[in-house]
Amino acid sequence: MSLVVLEDVTLFFADRMILEAVGLRLGHGDRVGLIGPNGSGKTTLLKVIAGDQEIDDGTVTVARGVRVGWLPQDIVVRGGRTLLDFILSSVPGRVALDEELASVGAELEGGGLSDDLMLELAERVGELHERIDHFERWFSEHEALSILAGLGFATGDEQRDLGEFSGGWKMRAVLAGLLFQRPDVLLLDEPTNHLDMPSVAWFSDFLKRWPGCFVLISHDRDFLNEQAGRIVSFEVEGLRSYPGNYERYLVQRAEEEEILAGKAKNLARERERLTQFIDRFRAQANKARAVQSRVKMLEKMESVETYAKRSTLRFAFPATDRVGNEVIRIEGLAKAYGDHVVFPGVDLTVKRGEKIGIIGVNGAGKTTLLRMIAGELSQDSGTIKFGSGVKVGYYAQHHADTLDLTATVFEVVQRANPEATVARVRSICGAFMFSGDDVDKPIKVLSGGERARVALARLLVNPGNLLLMDEPTNHLDLQSSESLATSLATYDGTVVFVSHNRSLVRTLATRIWNVEGGRVDTYPGSLDEYLYSMSQRRSGDSATPAALATSTTGKKGVAPVAAKAAPKAAAPVVPPTKDDDKARKRREADLRQRRGKVLGPLEKQVADLEARIAELEVAQGKRSGELADPSVYEDAPRRNKLLSDFQSGADKLEELNARWEKAATELDAAKAKLDAEERE
């Protein structure tokens, strides 16, 4: 049974067609990821399904009794009630029941009623209590509090007035209310935009257990892959549907394009052959029948339109001016808002070429730290020193809202670097999908996503060698987010960025700063390595890579718990003798020999595997480049050999990576074991 059916839905905004003859069916258990570039109509389609947008043609049918819940990107939420009241009252019908119960109760208390009327009202009170009991069983306060906790609200927040919360936390409250309502169809437009990473993880687990239907717009590839069972995509040829998650969609789309391209090439070759025959024998009477036959064949031949390539954000950074090894040094950085101390005194360094991802719960101080580094916010004490020759570029979410609304796209970008030539400014605008007359559009007519792209273009027209970026993928579509991540990964400067987008952090970060409880714990590795080490730390495994995490004191392996251990009594100091010194040197030599014997073979195995993997990756890259050449597919033997070699190489690469992972794990375990034995 279909819950929602759209048939031939067409919608215009002025003279621009937003939706053209769109058809879509949503059924029980559908988990739909809705994708497409900014401005393609994703949000508009959700509004149509929610009943918030009228259409010009077609039909929208919602099955009887089906409840649709809708989370827009922007919403106005007023105060005047507690957060918990807002969540509990969000369930349709509950408020009406409470109001009717109060009204009937007041009528009974008023007196002067006949016995029959009193009996009737008493029965109505009983019915209302039964229905309210049903609500409380299905929509309990405990469930509401559990959802609020999962989305990051602190204990006690449920009794605060809703008006006290910031815009981001109000959006979380609206999301909590929707999840609490459990609608039959849940419409989510970028639901993770205002969530921190722990809340995204909780929300992802919650959605995996969601029994109903939902439609999700998200620029986070990882989140989309975790949730979607079907991808509905705004393509240049119309709205298309593909089974599976986003990764599966990419494979299917690529296969479609390859098949269509091959079919179009074959048809073109056949058409050319028929045309040559007709032209050659048209004048020969004895060939007239054959010519006529081929003319009919030519007329009946189908035409195949290959997919038009969609414009996407593409930007290559120029080489940056070289700076010293130390780009930023932060010492004793402190910041407080009244009695609330955000940072009591933080020490940090940033090295040349690092790409540092700042993560942590909302309110921990991630953006505050970045704003202080950028000079947009002053610290209370401490110093922030930049290395010689460092030139800072800074992008913040609010920068898109501060653009000159009367200026054009071209003017805004050019003002960021007046020395840039017109051609360069136009080239950068084009890289951010503002080409032709689009560069002359005033900022005031642009969407939120388009303004975000202008703000990025303004930064990157003169990027410098240190980029500070706060949630750079917010308001970008999925393809633009991934293109930006790819461009930043090739940037030879230094990047310090705040993001809740796990896909971006995974792609870009070479070091993690976790902001929590006034500390900034640093980890020299990727997001996955950091999350793994944190899970091991929580499970009490002290021999994990978590021991490499560095606190703001700069001392490795120091955990907060260790700092609270009771001090041991000081042992008497005895000067070392010559015999002691000889024994110590002998022990050190024995340890080195033992380490070499135990670790040497493992280290050699890991190094050999790394070299073989690197060599095979180069070969695979070469094969991939050859396969991208359309002429390859005209030579069947060459194509088949390349495809066979590429598949064999991929299988071998998977095997080598598995062996490397096993060997590296054994090496780490052996090192940890030796370290533990040596400490004993």
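**Helix contacts and cores**

Biologist: Which residues in α5 meet which ones in α7?

Modeller: From α5, Glu143, Ser146, Ile147 and Gly150 take part, and they meet Ser199, Trp202 and Phe206 of α7. Keep in mind that this is a predicted model.

Biologist: At what angle do the two helices pack, and how far apart are their axes?

Modeller: The angle is about 135°, and the axes lie 9 Å apart. Here α5 covers residues 141–150 and α7 covers 197–208.

Biologist: Parallel or oblique, then?

Modeller: Oblique. Angles over 145 degrees would count as roughly antiparallel, so at about 135° α5 and α7 are oblique to each other.

Biologist: New topic. How many residues are in the largest nonpolar core?

Modeller: It has 47. Phe432, Phe434, Val454, Leu467, Met469, Phe497 and Ile512 touch the most other members.

Biologist: Which elements give two or more residues to this core?

Modeller: Helices α12, α13, α14, α15, α16 and α17, plus strands β15 and β16.

Biologist: And which gives the most?

Modeller: That is α14, with seven residues.

Biologist: What other core lies apart from it?

Modeller: One of 43 residues, including Leu84, Leu178, Leu179 and Tyr242.

Biologist: Zooming out, how many helices and strands does the protein have?

Modeller: It has 20 helices and 18 strands.

Biologist: How much of it is buried?

Modeller: Of its 680 residues, 42% are buried.

Biologist: And what about the accessible surface?

Modeller: That comes to about 36300 Å², with 51% belonging to carbon and sulfur atoms.

Definitions and conventions:
Residues numbered from 1 in each chain as written. Predicted model: local features only at pLDDT ≥ 70, side-chain atom pairs only at ≥ 80, totals over all residues. Heavy atoms only, no water. Core = buried A, V, L, I, M, F, W, Y, C linked by side-chain atoms within 4.5 Å. Buried < 20%, exposed > 50% of the residue type's maximum accessible area, 1.4 Å probe, protein only. Helix = DSSP H or I, 4+ residues; strand = E, 2+ residues; numbered from the N terminus. Axes fitted to C-alpha atoms, helices over the stretch in contact; angles between N-to-C directions. Parallel < 35°, antiparallel > 145°, perpendicular 65-115°, else oblique. Contact = heavy atoms within 4.5 Å. Areas by Shrake-Rupley, 256 points an atom, 1.4 Å probe, with all protein chains shown as cover.
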